[in-house]
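Here's a walk through a protein model, taken one step at a time. Keep the 3D view open as you read.

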Amino acid sequence: MTQIYFDHSATTPLDPRVVEAMLPFYGANFGNPSSIHSAGQEAREAIDKGRRQVADLLHASSDEIIFTGSGTEADNMALIGVATRYKPQDCHLITSVFEHPAILETCKYLEKLGYPIGYLPISAEGIVEPESLKKALQPNTRLVSVMAANNVVGTLQPIDELAQITKAHGALFHTDAVQAVGKIPLHMDTTPIDLLSISAHKLHGPKGIGALYIRQGVTIDPLIHGGGQERGIRSATENVAGIVGFGKAADLSRVEMNEEAIRLVNFRNRIISSLQKQVPNVYLIGHAQKRLPGHICLGVAGHETDAILLMLLLNEDGIAISTGSACSSHHAGQPSYILLAMGMDMERSRGSLRITLGRFTTDLEVDMFIQALPRAIGNLSPVASRELAFAAA
Ligand code: PLP
């Protein structure tokens, strides 16, 4: 059984305060927000409140928030919703090589429809350089999409600067902020971001609910057609309990984010420095400071990271982390497109350990991890490590 959960970039446990807020909407408050009777109007008020809470976290206004079924859907909606307003030959898009598959697979789909797409490189430290965007812009570039924080490496991207460059060019700027929202401050009132994707389950909220921020005056085509909910941009009866939980999670993040970030940065730095002292072949992947507060990405020279992950999980420590070998457990052992894009060789690109901390991470858990990881690596000879990794795949 997992005793220590250090995989918060995959998903976060629900905050009990979020559960408490949601529960009535699985019971007595079951109305459809489109109904005019009191059950419906109660549900309508609840989603209005949730929308306000999500907007407040982003320093946006309520009517700029469209609820979706996930972060993936918000990403699809942003890219396809802008592109299909134009003919393919009149719409060039730009993204980066290390986006989440929710963006990269959507780009592949758009390419099949004939839309040209440019891919920005990343530096060895896992950062998109603003200069590369300046060079990639074309007269018919309509949309630039660069993530706010990378899900595998944890690095923060210069989205303010990228958004300014994009605006000066007259194109729209979208950011996949699924990993960043609730962890670092994001100000729609001062940054010219036009579209921004969020997912509740990354900030101690429920799964199956996300949102797309759409700046006032920006128009996108809907992906889902129907009864006209969410201003006609995303028809479907609203996920009322999900929206209530999302709103509560956003509100908690808004109030607690700064203090939480200080605590997580301390934990993060303690883990990195202690492991680097104890295990000489451990190295940090990605920029040391420009990273999410609770995010650590490590490589271990000479060892298969999948094997280390198994050792941590299966021994008495029961520690759950993840590897950055690919975007999911289905690709174990294959080189990571993200690490390759950062210029690592094939050997180093085969794996990384992603250790991601969260709101309920304790001092004791951090201490246990600092002892457990060197023990797990020490128990693995390079050969055993390769065999175990092979078995895991
Ligand atoms: N974008 C990024 C950067 C992510 O990390 C994830 C999920 O891991 C997603 C998008 C997809 O979000 P969801 O799980 O809500 O579909």
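How many residues apart are Lys-134 and Glu-131 in helix H5? They sit 3 residues apart, about one turn of the helix, and both belong to H5, which runs over residues 130-136. Bear in mind that you're looking at a predicted model. In it, Lys-134 and Glu-131 form a salt bridge, with their closest N and O atoms 3.1 Å apart. Neither side of this pair is hidden away: Lys-134 is partly exposed at 47% relative accessible area, and Glu-131 is partly exposed too, at 45%.

What lets such pairs form? Side chains of opposite charge can pair when their charged atoms come close. This structure holds 16 salt bridges, so let's visit a few others.

Next, go to Asp-90 and Arg-142, whose side chains meet in a salt bridge at 2.8 Å, N to O. Asp-90 lies in the loop between helix H3 (71-83) and strand S3 (92-96), while Arg-142 is in strand S5 (residues 141-145), so this pair ties together parts that are 52 residues apart in sequence. Asp-90 is partly exposed, with a relative accessible area of 33%, and Arg-142 is partly exposed at 24%.

Now look for Arg-270 and Asp-367, where the salt bridge spans 2.7 Å from N to O. Here the two partners come from distant parts of the chain, 97 residues apart: Arg-270 is in helix H7 (residues 240-278) and Asp-367 in helix H11 (residues 363-378). Arg-270 counts as partly exposed, at 29% relative accessibility, and Asp-367 is partly exposed at 33%.

Finally, turn to the ligand. There are 13 residues around it, and Thr-72, Asp-176, Gln-179, Ser-199 and Lys-202 come nearest. By class, this shell has 8 polar, 3 charged and 2 nonpolar residues. Helix H3 gives the largest share of the shell, with 3 residues.

Zoom in on some individual contacts. An N or O atom in the side chain of Thr-72 is 2.5 Å from an oxygen atom of the ligand. For Asp-176, a side-chain N or O atom is 2.6 Å from a ligand nitrogen. His-201 has a polar side-chain atom 2.9 Å from an oxygen atom of the ligand. And how much of the ligand does the protein bury? Taken alone, the ligand exposes 390 Å², and the protein buries 87% of that.

Key:
Residues are numbered from 1 along each chain as its sequence is written. This is a predicted model: local features need pLDDT of at least 70, side-chain atom pairs count only at pLDDT 80 or more; totals for chains, interfaces and linings use all residues. Side-chain values use heavy atoms; hydrogens and water are left out. A salt bridge is a side-chain nitrogen of Lys or Arg within 4 Å of a carboxyl oxygen of Asp or Glu. Helices (H or I, at least four residues) and strands (E, at least two) are DSSP runs, numbered from the N terminus. Buried means under 20% relative accessible area, exposed over 50%, partly exposed in between (1.4 Å probe, protein chains only). A residue is near a molecule or strand if one of its heavy atoms lies within 4 Å of it. A polar contact is a pair of N or O atoms within 3.5 Å; within protein, one must be able to donate a hydrogen and the other to accept it, and residues adjacent in sequence count only if both atoms are side-chain atoms. Accessible areas come from the Shrake-Rupley method with a 1.4 Å probe; for residues, only the protein chains shown count as cover. Ala, Val, Leu, Ile, Met, Phe, Trp, Tyr, Cys and Pro count as nonpolar, Asp, Glu, Lys and Arg as charged, and the others, Gly among them, as polar.
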